[in-house]
Amino acid sequence: MLLTVASGGVVAAQAPANNVLSHRLGDLGAVSVNFVAGTLLVLVLAFAFAGGIHINESVESPAWYYWVLGGLGGVAIVFTTLVTVRELGAGGVTAAVIAGQLSLSVVLDRLGVLGLDERVIGWEKVLGIALLAAGTVLIVRD
């Protein structure tokens, strides 16, 4: 859990850093740098700790929408946060991203889609989402 919290902190700094890059490279240039640097880091980690990237040809490829969601989701979040941080600030962007992630993730859990086990949505989760939405509004408001 601590690693996840730490990576969330890094994500909070990502949008402002990409915003600075966008002033020199343009929005899509900043997004490109983000993904090229990320790809290089993943390759270094894969070879350093896992002996490379392993593609098992005997395993059936996942459905097309896993590829689309996996790839486009990253681009969408980086581009959107890079553009909206100018208006919302780092706190507002992070709050809005977390609110969106949590809200949809509860629905995905309930439906049991994308390989997830089906989970019940109780009043506690509904209250949690409502409080998160209220918190997001308070953080975004100036």
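Guide: A word on terms to begin with: helices here are DSSP runs of H or I with at least four residues, numbered from the N terminus. Please also keep in mind that this is a predicted model.

Visitor: How many helices and strands are there in the protein chain?
Guide: The protein chain has four helices and zero strands. Read along the sequence, the pattern is α-α-α-α.

Visitor: And what does the C-alpha trace span along its principal axes?
Guide: The spans are about 45 × 45 × 30 Å.

Visitor: What is the average pLDDT of the protein chain?
Guide: The average pLDDT is 89, and 97% of the residues score at least 70.

Visitor: Where is confidence lowest, and where is it highest?
Guide: Confidence is lowest in helix 1, with a mean of 87, and highest in helix 4, with 94.

Visitor: What share of the 142 residues is buried?
Guide: Buried residues account for 15% of the 142 residues. The accessible surface of the chain is about 10300 Å², and 71% of that surface belongs to carbon and sulfur atoms.

Visitor: How many charged side chains are there, positive and negative?
Guide: There are 6 positive and 9 negative side chains, and the centres of the two sets are 9 Å apart.

Visitor: Let us turn to helix 2. Which of its residues are buried?
Guide: In helix 2, the buried residues are Ala30, Val31, Asn34 and Ala46.

Visitor: What covers them?
Guide: The cover over the buried residues of helix 2 includes helix 1 and helix 3.

Visitor: Why is Val31 classed as buried?
Guide: Val31 has a relative accessibility of 7%, and the cut-off for buried is under 20%. Therefore Val31, at 7%, counts as buried.

Visitor: Which residues is Val31 in contact with, beyond its sequence neighbours?
Guide: Setting aside neighbours within four places in sequence, Val31 is in contact with Val75, Val78, Phe79 and Leu82.

Visitor: What about the distance between Val31 and Val10?
Guide: Their C-alpha atoms are separated by 16 Å, and the two residues are 21 residues apart along the chain.

Visitor: Now Asn34: is it buried or exposed?
Guide: Asn34 is buried, with a relative accessible area of 17%. The residue lies in helix 2, which covers residues 27-49.

Visitor: What does Asn34 touch?
Guide: Not counting residues up to four places away in sequence, Asn34 touches Gln14, Asn18 and Val78.

Visitor: Tell me about Asn18, then. Where is it placed?
Guide: Asn18 is placed in helix 1. Its relative accessible area is 5%, so Asn18 is buried.

Visitor: And which residues are its contacts?
Guide: Leaving aside neighbours within four places in sequence, Asn18 is in contact with Ala30, Asn34, Val78 and Leu82.

Visitor: Ala17 is next on my list. Is it buried or partly exposed?
Guide: Ala17 counts as partly exposed, at 42% relative accessibility. This residue is found in helix 1, residues 2-25. Ala17 and Leu2 are 15 residues apart in sequence, and their C-alpha atoms are 23 Å apart in space.

Visitor: Back to helix 2 for a moment. What should its 23 residues span?
Guide: At 1.5 Å a residue, they should span 33 Å, and the end C-alpha atoms are 33 Å apart, which agrees.

Visitor: Which residue has a positive phi although it is not a glycine?
Guide: Leu114 does, with a phi of about 60°. Most residues other than glycine have a negative phi.

Visitor: Where is Leu114 located?
Guide: Leu114 is in the loop between helix 3 (64-111) and helix 4 (123-140). Leu114 is partly exposed, with a relative accessible area of 37%.

Visitor: Last one: what is the relative accessibility of Ala133?
Guide: Ala133 has a relative accessibility of 39% and counts as partly exposed. Ala133 lies in helix 4. The C-alpha atoms of Ala133 and Gly73 are separated by 22 Å, with the two residues 60 residues apart along the chain.

Definitions and conventions: Residues numbered from 1 in each chain as written. Predicted model: local features only at pLDDT ≥ 70, side-chain atom pairs only at ≥ 80, totals over all residues. Heavy atoms only, no water. Helix = DSSP H or I, 4+ residues; strand = E, 2+ residues; numbered from the N terminus. Buried < 20%, exposed > 50% of the residue type's maximum accessible area, 1.4 Å probe, protein only. Areas by Shrake-Rupley, 256 points an atom, 1.4 Å probe, with all protein chains shown as cover. Lys, Arg positive; Asp, Glu negative; His and termini not counted. Charge placed at Lys NZ, Arg CZ, Asp CG, Glu CD. Contact = heavy atoms within 4.5 Å. Expected span 1.5 Å × (residues − 1). pLDDT = per-residue confidence, 0-100.
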